[in-house]
Amino acid sequence: MDTRQVCTFLVDDLLLGVETNQVREVLRFQEITRVPLAPAAVTGLMNLRGEIVTVIDLRTRLELPRREDDRPPMNVVTRIGDATVSLLVDEIGDVIEVTKDLYEPAPEHLSGVARELIQGTYKLEERLLLMLDVEKTVELDKPASFTAGVQTAQKSTLPETSLQ
Amino acid sequence: MTSEENSLEGMEEVILEFLVESAEGLDQMDNDLVALEAEPGNQELLANIFRTIHTIKGTCGFFGFSRLEKVSHVGENLLSRLRDGELALTPEIATALLNMVDAVREMLSKIEASNSDGEEAYAALVETLTRLKDQEATATGGDADAGPETDSAKEGSEGAEAAAVQNPRQDGARSKGNAPESPAEKRSDSESAASDDKSAGRGSLSVAESAIRVDVDVLDNLMNLVGELVLARNQILAYSLARQDPVFANACQRLNLITSELQQDVMKTRMQPISNIWNKFPRVVRDLSRTCGKQVRVEMEGKDTELDKSLIEAMKDPLTHLIRNAVDHGIEPPDTRLANGKPAEGRILLNAYHAGGQVIIEISDDGAGIDLDAVRKKATGMSLITSAQASQMHEGDLARLIFAPGMTTSKKVTNISGRGVGMDVVRANLEKIGGFIELDSVRGRGSTFRIQLPLTLAIVPALLVCSADERFAIPQGSILELIRLHPGNSEKGIETIQGVPVFRLRGKLLPLVYLNAELELDDAGRQADAMNIVVLQADQKKFGLIVDTVEDSTEIVVKPLSNVLKAIPVYAGATITGNGKVALILDVLGLAQRARLLSEHQERFLDVNATSAVLGEDDERQPLIITSGKDGGRIAIPVESVVRLEEFKRATLEQAGTRTVVQYRGKVLPLVNLTDLLQERRRKPRPMTSDGPDTADEIVHAIVYSIDGNPIGLVVDRILDILEHSKNMQGPPTRKGTLGTIVTQGQVTEVFDATSLQREFAAPRQRKRAASAGG
């Protein structure tokens, strides 16, 4: 039977999961350098043993209410291709194995952004596990105000078309 | 070991070696051929060329690349006749041989891609090479039996070479590293032996023994690791400073030294001589100049100047572009040159050297120089500048406009250059790698492009600054100077012109950017007690960046940002500082763009700076404040005697006797309306004070003069611009209080006579002083 290993974590009242092969490590909250002008969901940058990793707050990303309790959030460091991005979550859960027969597509009642970012669900005995699409989660819309600037920048740095 | 016993894997290894060596050989051959054209009798060059193609032919025959063998074979035959002095090198032969080099190169790349030399037989090329060999033989040799004679000669040479190539084969299979010389020693034919003696005499054998090939990936990885080490060292040093432990401090000191040395040595492994890219240029120039019908010679100085491999790669396209431009636009056709008293042959000089921790590369030509009239016409046509500006601009500034997007002065669009994209891209590409390009051009004498580059990209010196408790790194390369404004005094020197903060730096206006405001930091708008201005250079424009504090200067390792953040143009990357925290690296150009410093309104201020900077001591020109009165007339006020520009709310103006005054820095500043001062027949002065709530918030612009140490405010309706203009008047004075008229930005402008202010205020001030003393 097809099984997947899933790393689970809590954000607000949601039980979310990411396949373990996409998770590099789980860390306590680290000091984060803010990035002014960055999209709201980007909390900042952190130093992960010499590597600079972008930190995204899942609460902001999923448009959930802000974290209120005093406990610091946890880092779920994910790796997609070459990019390493850390997701801030409320609490780390267990690593569990799920079987395919429990899988269902994303439920209808999910609203807004969550619906785009949830790939599907596993009906666990006690609660519903929502599988997070990490790739989509770390893909943020660029702030509108930069698009113009970015385009000019790209235009002016195209050696292939003009230097032949 | 014979070829049959070679495993496939072994073969691939050998083929790979063959490809690498052949590529190097072909590059050399390009140069040698071009050099040979200039110096047809040089036997050494000929021998070099011959040997290269000979080795390629032999080795590819061994691998069974028959088409490649065929092409190189006919080329070799032609070359052997040249070498034997039976033929003279003509441009036609040189072109055919260069074409052969291209064909061989093409086939080699096919071999690299598909392990086969392709389907293309290069029949036309083979035919040309054969024809050249045979035809010229009859012409020069004058032998009646040319046909059979050449045939037998071919046979003969083939036989001789068959013997010669045996050795390279075996050596090739054994060890390619030192192959070029060893087979040669065993060669029996005298020509080869003679030519090889020369190469052995150059001592290249020892080079082969003392050098090894290393995969670039390994070096890149090493560089990354050293980068990490530098960061770790910075962290440890910061920690050791906080602790008063002499033993630990000693160890740290050693760590510091060793890391620096290691960093330098690892950087050295990535260094390559600039000749790696330059070597392609003689060929490029030769081909281009033939297409354009020009005669151009390339000279190089400082070929051995080394710079980082990544920079070499990045420099390739911009340099090629500049060289092409020099041939296509710079050097004139031979007849024009002769008519102008220059030698028919143009000269392009490439020069490279190290200076002040940077690499300088210069590309000069002795051609026509930049056609400033064409630049002027084009720039005004594109509305980059107004025609009035164009007429005032200094030549250097005008020439520099060629770096603006869309500028080309070529009359016709050729397939080489002149398509309107180019210099701006060159500049952008250079700036992307931390470089900087300048231009000197003298009409009729030629142009020189000077490129400044950092030695390496991976580790750069940077200044750490703080704004709103956030730390940022600014690459030292773009920092011109630091200015500290002391607490309490910080307001002094910062003025606002039309909402733009500017700082008066040695008589020049420097536009200012508040970092906290630009980055929308929490305390944007808060006025710090002390301010630091970091004067930056972006795109040949100067501006001041206001930060809270300036910390130390340190070496940082530039790390790229993730894709999401790359979209933000104000950051060039991030780095880890000594305390282990992440700091963002500011992109000076991006910051200037975001602050809209490089566009419209504010750019004109910057132009003033650029112009006056170039003018230096030139006293022929002066900066002028252009104002407009209620009637729309333009009045220029010389900046010379101006102390400050101020803005007051109309509600703050008070009436004191006959004068309107305002409280200003603990003094009473008398105000006078510029238009009142200039009235031909003095009418009743217009009231300046607020006459109701509607006008209370209006802003009054005052130009503050100092007369006998006391400030006088000259009130103007609107400040339009600040620009430079010749001190010479273009028209007579129109009324009292003016010096004359000039044309600025296409409109007639009266120039205000500042001494009239002095006359006006000499007596009344006495009166007012008495009045204020009494009250």
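Contact here means heavy atoms within 4.5 Å of each other. The model described below is predicted. By that contact rule, B:Val639 is in contact with B:Arg504, B:Pro623, B:Leu624 and B:Ile625, leaving aside its neighbours within four places in sequence.

B:Val639 is placed in the loop between β20 (634–638) and β21 (642–649) of chain B. Its relative accessible area is 12%; buried means under 20%, so B:Val639 is buried. Another pairing concerns B:Glu724, which is 85 residues apart from B:Val639 along the chain. The C-alpha atoms of B:Val639 and B:Glu724 are separated by 9.8 Å.

**The two chains**

| Chain and length | Helices and strands | Buried residues | Accessible surface | Carbon and sulfur part of surface |

Contacts between residues at least 6 apart in sequence can be split by separation along the chain. In chain A, 55% of such contacts join residues at least 24 apart. In chain B, 67% of such contacts join residues at least 24 apart.

**Interface of chain A and chain B**

The size of an interface is often given as the accessible area lost when the parts come together. Between chain A and chain B, the buried area is about 2,900 Å². Carbon and sulfur atoms give 64% of that area. Chain A brings 28 residues to the contact and chain B brings 38 residues.

Across this interface the rule finds 2 salt bridges. A salt bridge joins the side chains of B:Glu470 and A:Arg34, with 2.9 Å from N to O.

**The loop between β8 and β9 of chain B**

The loop between β8 (459–467) and β9 (470–475) of chain B holds B:Ala468. B:Asp469 is placed in the loop between β8 and β9 as well. Phi of B:Ala468 is positive, near 50°, in a residue other than glycine. For B:Asp469, also not a glycine, phi is positive at about 65°.

**Helix α10 of chain B**

Helix α10 (residues 216–242) of chain B contains B:Val218. B:Asn234 is also placed in helix α10. At 44% relative accessibility, B:Val218 counts as partly exposed. B:Asn234, at 13% relative accessibility, counts as buried.

B:Val218 belongs to a nonpolar surface patch of about 370 Å². The patch is made by B:Ile212, B:Val214, B:Val218 and B:Leu222. What does B:Asn234 touch, not counting residues up to four places away in sequence? B:Asn234 touches B:Thr554, B:Glu555 and B:Gly578.

**Helix α16 of chain B**

Helix α16 of chain B covers residues 372–381. Its buried residues include B:Leu372, B:Val375 and B:Ala379. These three cover an arc of only 55° around the axis, which puts them on the same side of α16(B). An α-helix has 3.6 residues a turn, so residues three or four places apart point the same way.

Which residues are exposed on the other side of α16(B)? B:Lys377 and B:Gly381 are exposed there. What covers the buried residues of α16(B) includes α18 (395–400) of chain B. B:Ser383 follows α16(B), and phi of B:Ser383 is positive, near 60°.

Definitions and conventions
Residues numbered from 1 in each chain as written. Chains lettered and ligands numbered in written order. Predicted model: local features only at pLDDT ≥ 70, side-chain atom pairs only at ≥ 80, totals over all residues. Heavy atoms only, no water. Buried < 20%, exposed > 50% of the residue type's maximum accessible area, 1.4 Å probe, protein only. Helix = DSSP H or I, 4+ residues; strand = E, 2+ residues; numbered from the N terminus. Arc of directions from axis to C-beta. Patch = residues over 30% accessible without salt bridge, like charges linked within 9 Å, V, L, I, M, F, W, Y side chains within 5 Å. Areas by Shrake-Rupley, 256 points an atom, 1.4 Å probe, with all protein chains shown as cover. Salt bridge = Lys/Arg side-chain N within 4 Å of Asp/Glu carboxyl O. Buried area = accessible area lost by both parts, 1.4 Å probe.
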